[in-house]
Amino acid sequence: MKALALAALLLPLVALAHKPSDSYLHLDRSGDGFTGRWDVALRDLEEVLVLDSDGDGSITWSELRARQTDVAGYALARLKLSAESAPCPLTPASALRVVRHSDGAYAVVDFTAACPATPRALEVDYTLLFDRDPQHRGIVRVGSDGAGEPLVLSATRHTARVSLEGLSPWRRFGQMVHSGIEHIWAGVDHLLFLLALLLPSVLRRDRASGRWVPVGDFGSAMKDVVKVVSAFTLAHSLTLSAASLGWVALPSRLVESAIAASVIVAALNNVFPLMDRTRWLAAFALGLLHGFGFASVLADLELPAGSLAVTLFGFNVGVELGQLACVAVFLPVAFVLRDTRVYRQALLVGGSAVIALLACAWLWERAFGVVLNFT
């Protein structure tokens, strides 16, 4: 019953484990103002505007063209630009277009922004889709032909002040650290994978009885956590770097499906143990897959080659800080509860079983493109 109750609480996480919803906003200087191009996923617009008028499961060009005023109005109402504290009104510039990104078709909203004076900085307030999808990100570039450094705006950080005189390396580094932290905390599949690896850290398998028993001291638990987290960190850093540098490229669907499978493996090992103190080997092997998932986030940013080293380092630092914060909260609580039936049965075994079931749903969705709706 405890496992079923936990499953009911965690079912909404199925919907949060997809690749984050993104839009791509490019702003170029044009006289005193800006010209803009905003790529918004059709699947996101369908959620709020119901573009598929005949309900056949696909959005045709005629259906989109009939609603282009609504699409432009919806998007532009959720973006505010200002310079020197004065607003820059937005005006649609042309008919909608459609382009393809790695994860599907996007509507392109072109517009102009008229600023009252030649600005030295631009204030951006971005609120698209945050009321429906807290994981949505706005990837914003301000610069000639959209080639400026990317900003990643989110529900918790939806405003930014962009200097039009260039971005310092330290500020770029800080932005990527923030993005790394945000990604690990918002990445439910990464967090549950880490949790599945950490749950047995305060226990050990008794060879005689085959049961989980508590470790004797905090140092033993900490040593196990350090090995597991270090192995995971080293592995995902290797593949993150290799994929971001273009040395290795894997299809997004394969990577996301493999990440879901890795969560299943890590969770089931807690229910039917094959590895105990050698879990760090599994953390390393499966962490290689997660590195490709992290790399897909950087690939979406379309980073200029000159900033790649700073970006990689900053993002990786952010991911590690996000992980360490999770460990710092989890480990003391787990150590205190380790000798209770609630921890050994409900949390370790029951919780791991629920995590495995959720990951099975993610795998089904990602591998076969089937959306499972639990609401």
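Modeller: Helices (H or I, at least four residues) and strands (E, at least two) are DSSP runs, numbered from the N terminus. This is a predicted model, in which local features need pLDDT of at least 70 and side-chain atom pairs count only at pLDDT 80 or more, while totals for chains, interfaces and linings use all residues. Residues are numbered from 1 along each chain as its sequence is written, and side-chain values use heavy atoms, with hydrogens and water left out.

Biologist: Which residues does the UniProt annotation "transmembrane region" cover?

Modeller: UniProt positions are given here in the numbering of this model, with feature names shortened, and annotations may be inferred rather than shown by experiment. The unreviewed UniProt entry places "transmembrane region" at residues 184-203, 224-248, 254-273, 280-299, 305-334 and 346-364. In the model, residues 184-203 are 70% helix and 5% strand, with the end C-alpha atoms 25 Å apart, and residues 254-273 are 90% helix and 0% strand, with their end C-alpha atoms 27 Å apart.

Biologist: How many residues does helix 11 have, and what span is expected of it?

Modeller: The expected span of a helix is 1.5 Å times one less than its number of residues. Helix 11 (residues 341-368) has 28 residues, and its first and last C-alpha atoms are 38 Å apart, close to the expected 40 Å. A bend is the angle between axes fitted to the seven residues ending at a residue and the seven starting there, and helix 11 has a kink of about 30° centred on glycine 351.

Biologist: How many aromatic pairs does the count come to?

Modeller: A pair of aromatic rings is described by the distance of the centres and the angle of the planes. Rings of Phe, Tyr and Trp (its six-membered ring) pair if their centres lie within 6.5 Å, and planes under 30 degrees apart count as stacked, over 60 as edge-to-face and the rest as tilted. The count comes to five aromatic pairs. Tyrosine 126 and phenylalanine 130 have ring centres 5.6 Å apart and planes at 55°, so this pair is tilted. Phenylalanine 193 and phenylalanine 232 also form a tilted pair, at 5.3 Å centre to centre and 50° between the planes, and this pair links distant parts of the chain, with phenylalanine 193 in helix 6 (residues 188-198) and phenylalanine 232 in helix 7 (residues 218-244), 39 residues apart. Ring pairs also link Trp38, Tyr126 and Phe130 into a cluster.

Biologist: Is phenylalanine 193 buried or exposed?

Modeller: Buried means under 20% relative accessible area, exposed over 50%, and partly exposed in between (1.4 Å probe, protein chains only). Phenylalanine 193 is buried because its relative accessibility is 0%, and phenylalanine 232 is buried at 1%. Tyrosine 126, at 0%, is buried, as is phenylalanine 130 at 13%.

Biologist: Which cysteines form a disulfide?

Modeller: A disulfide is a pair of cysteine sulfur atoms within 2.5 Å, and the count by this rule comes to one. Cysteine 88 and cysteine 115 form the disulfide, with sulfur atoms 2.2 Å apart, and the link is right-handed, with 110° about the S-S bond. Cysteine 88 lies in the loop between strand 4 (86-87) and strand 5 (90-92), whereas cysteine 115 lies in the loop between strand 7 (104-113) and strand 8 (121-126), 27 residues apart. Cysteine 88 is buried at 3% relative accessibility, and cysteine 115 is buried at 10%.
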